[in-house]
Amino acid sequence: MPDIRILSAEEARAAVPALSAVLADCVAGGASVGFMQPYGPDDAEPYWRDVADAVATGGSLLLVAELEGRIVGTVQVGSAQMPNQPHRGDLKKLLVHRSARGRGLARLLMEAAEREAVRCGKTLLVLDTATGSDAEAIYPRLGWQRVGVIPDYALWPQGGFCDTTLFYKRLA
């Protein structure tokens, strides 16, 4: 049974190697999550150290999915917003290692992230994802509303333009 939990800043710093392995695996698998191939765990470490710093300042929540004590998935809720958006959060970097897919971890991570966002006073979450990716299909099944597509928003990790689909979800 997977364990979904929120990491403190100290736990996030200790988990940098494991989080880096998940991110590197996802990029190697073609996930358009901001990084280009080739991309290894060492390349990912500065990113995760920055995330740990954001957790320390309260700017982000970092959740992980663990199987048998090993981190195999993660998601973030960016909670630091402009003064006119205290109710909104940004869902970021839903990642599940390819070896752990097909077990409902993305759904469990999303449900936990939404619960934590509500606990933090958020009533609206937004996200963007690569159009046509496997990830895009997850969000409507979880009650997220598709807003539209921005063409040529980013690059696929192997190169070439990638459209991005925007989603939102109102939280109760």
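Colleague: How far apart are the end C-alpha atoms of residues 4-172?
Modeller: They lie 21 Å apart. The span is 35% helix and 34% strand. Helices (H or I, at least four residues) and strands (E, at least two) are DSSP runs, numbered from the N terminus.

Colleague: What does UniProt say about residues 4-172?
Modeller: An unreviewed entry there carries the annotation "domain: N-acetyltransferase" for that span. UniProt positions are in the numbering used here, feature names are shortened, and annotations may be inferred rather than shown by experiment.

Colleague: And the ground rules for the model?
Modeller: It is a predicted model: local features need pLDDT of at least 70, side-chain atom pairs count only at pLDDT 80 or more, and totals for chains, interfaces and linings use all residues. Residues are numbered from 1 along each chain as its sequence is written, and side-chain values use heavy atoms, with hydrogens and water left out.

Colleague: Pockets next. What volume does the largest pocket have?
Modeller: About 1000 Å³. A pocket is an open set of points on a 1 Å grid over the protein atoms alone, where a 1.4 Å probe fits, with protein on both sides within 12 Å along at least five of seven lines. Grid points are joined across faces, edges and corners, and the volume is the space filled by probe spheres set on the points.

Colleague: Which residues are closest to its centre?
Modeller: Val33, Leu94, Thr129, Ala135 and Tyr139, out of 46 lining residues. Lining means having an atom within 4 Å of a point.

Colleague: Which element gives the most to that lining?
Modeller: β4, with seven residues. Other elements giving two or more include α4 (105-119), β5 (124-130) and α5 (134-141).

Colleague: How many of the lining residues are charged?
Modeller: 10, alongside 27 nonpolar and nine polar. Here Ala, Val, Leu, Ile, Met, Phe, Trp, Tyr, Cys and Pro count as nonpolar, Asp, Glu, Lys and Arg as charged, and the others, Gly among them, as polar.

Colleague: What pairs with β3?
Modeller: β2 (residues 60-67) does, antiparallel over eight bridges. β4 also runs antiparallel to β3, with five bridges. Two strands pair if DSSP finds at least two bridges between them. Leu63 has Val75 in β3 as its bridge partner, and Gln76 stands opposite Lys92 in β4.

Colleague: What's in the turn between β2 and β3?
Modeller: The two strands form a hairpin with two residues between them. Glu68 in the turn has a positive phi of about 50°.

Colleague: Now the rings. How many aromatic pairs are there?
Modeller: Five. Rings of Phe, Tyr and Trp (its six-membered ring) pair if their centres lie within 6.5 Å; planes under 30 degrees apart count as stacked, over 60 as edge-to-face and the rest as tilted. Phe35 and Tyr47 have ring centres 5.4 Å apart and planes at 75°, so they are edge-to-face.

Colleague: Where do Phe35 and Tyr47 sit?
Modeller: Phe35 is in the loop between α2 (16-28) and α3 (41-57), and Tyr47 is in helix α3, 12 residues apart. Phe35, Tyr39, Tyr47 and Trp48 form one aromatic cluster.

Colleague: Is Phe35 buried or exposed?
Modeller: Buried, at 18% relative accessibility.

How values were computed
Buried means under 20% relative accessible area, exposed over 50%, partly exposed in between (1.4 Å probe, protein chains only).
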